[in-house]
Amino acid sequence: MADPSKRWPENTAGDFFVDRSCIDCDQCREIAPATFGDSSGHARVERQPDSPPLLSRALMALVTCPVGAIGTKAKHDLHPVVDRLPEQLDENVFFCGFASENSFGASSYLIVRPEGNVLMDSPRFAARLVRKIEQLGGVRWMFLSHVDDMADHAKFRRHFQCERIIHRHEVHSSIQDIEQQLEGHDPICLSPDLIAIPTPGHTRGHMVLHYKNRFLFTGDHLWWSPERQTLRASPRYCWYSWKQQIESMQKLLDYPFEWVLPGHGYRHHLSTHDMREHLKNCISWMRQSN
Ligand code: SF4
């Protein structure tokens, strides 16, 4: 729970505040950009929400914050906000909210499918979220992009008996029991609508998930940059090989997508054509910065 005595002085005065436990994960700025902003190394309240829709977004950020760094002076009923999570993004694809500190506040997503739901990376194992996922049909597969965004994967496995999928190059001693360990660098068709694409670079066994030729779940491989208004990756946050990450990015040109849905970084939706142009632009930029 956020501590008002530890609130950052940069917060705009009023009901909402961010305290010093903020880890600068970006969730609040993405969920409620009208309320939260950046303040060199942490988030701050830039403008107090002054309408019911803005209040609702700010409360969703509060619920999603992985470290409970967002607080309010007034008491708010969180039930309506919690009821909206997972939040539908498009078709049967949902943003889970409830980010976990163990994955540094990574975003996770739920794909609701008649053949079985897929949880993309792990949210916090919060009882209220788990109940909502149960109502949406549970979890059959849990696709893990890489080790950093696994958070509460073991709890989800125990609760839903879901099959976890990860690349073998991500597996270390404490996660050797993961059910499906994919190998190699070639894309693997998990079902007619789902393709696991190995994208080594950020980590050695990083993978992205391509769904229905519309959605690309990118883990920490690729994201939308609101500052640059284009797709970006980061050599600064590349833990394995930037050269291989560029090659992996090139591979994605074969897969049309409209949505980029990352673990860290911003989500974005464009036409397939525009997304491809931005991907080409990103690859050129990566080559120049190599
Ligand atoms: S969601 Fe929480 S931890 Fe993340 S940037 Fe906002 S206040 Fe900080």
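## The second largest pocket

Eighteen residues, given here as 18, line the second largest pocket of this chain, and M1, L62, I70, G71 and L78 are those nearest its centre. Two elements, α2 (52-64) and β4 (70-72), each give two or more residues to this lining. The model described here is predicted.

The volume of the second largest pocket is about 390 Å³. By residue class, its lining holds 11 nonpolar, 4 polar and 3 charged residues. Domain 1 (4-81) and domain 2 (85-288) each supply at least three residues to the lining of the second largest pocket.

## The largest pocket

In the lining of the largest pocket, 12 residues are nonpolar, 7 are polar and 11 are charged. At least three of the lining residues come from domain 1 (4-81), and at least three come from domain 2 (85-288).

## The largest cavity

The largest cavity holds about 90 Å³ of space. It is lined by 15 residues, with C22, C25, C28, A43 and C65 nearest its centre.

Helix α1 (residues 27-31) contributes 3 residues, the largest share of the lining of the largest cavity. The class division of this lining is 11 nonpolar, 1 polar and 3 charged residues.

## The second largest cavity

The second largest cavity has about 40 Å³ of volume. Its lining consists of C25, D26, Q27, E30, G105, S107, G263, H264 and G265. These lining residues comprise 1 nonpolar, 6 polar and 2 charged.

The second largest cavity lies between domain 1 (4-81) and domain 2 (85-288), because both domains give residues to its lining.

## The chain as a whole

The chain contains 7 helices and 19 strands. Along the principal axes, its C-alpha trace extends over about 55 × 45 × 35 Å. A compact globule of 290 residues would have a radius of gyration near 19 Å, and the chain agrees with this because its own value is 19 Å.

Of the 290 residues in the chain, 56% count as buried. Among contacts in the chain with a separation of 6 or more, 57% join residues 24 or more positions apart.

Terms used: Residues are numbered from 1 along each chain as its sequence is written. This is a predicted model: local features need pLDDT of at least 70, side-chain atom pairs count only at pLDDT 80 or more; totals for chains, interfaces and linings use all residues. Side-chain values use heavy atoms; hydrogens and water are left out. On a 1 Å grid over the protein atoms alone, a cavity is a set of points where a 1.4 Å probe fits but cannot get out, and a pocket is an open set with protein on both sides within 12 Å along at least five of seven lines; lining residues have an atom within 4 Å of a point. Grid points are joined across faces, edges and corners, and a volume is the space filled by probe spheres set on the points. Helices (H or I, at least four residues) and strands (E, at least two) are DSSP runs, numbered from the N terminus. Ala, Val, Leu, Ile, Met, Phe, Trp, Tyr, Cys and Pro count as nonpolar, Asp, Glu, Lys and Arg as charged, and the others, Gly among them, as polar. Domain bounds come from an automatic or database domain assignment. The radius of gyration is taken over C-alpha atoms; the globule rule is 2.2 Å times the number of residues to the power 0.38. Buried means under 20% relative accessible area, exposed over 50%, partly exposed in between (1.4 Å probe, protein chains only). Contact means heavy atoms within 4.5 Å.
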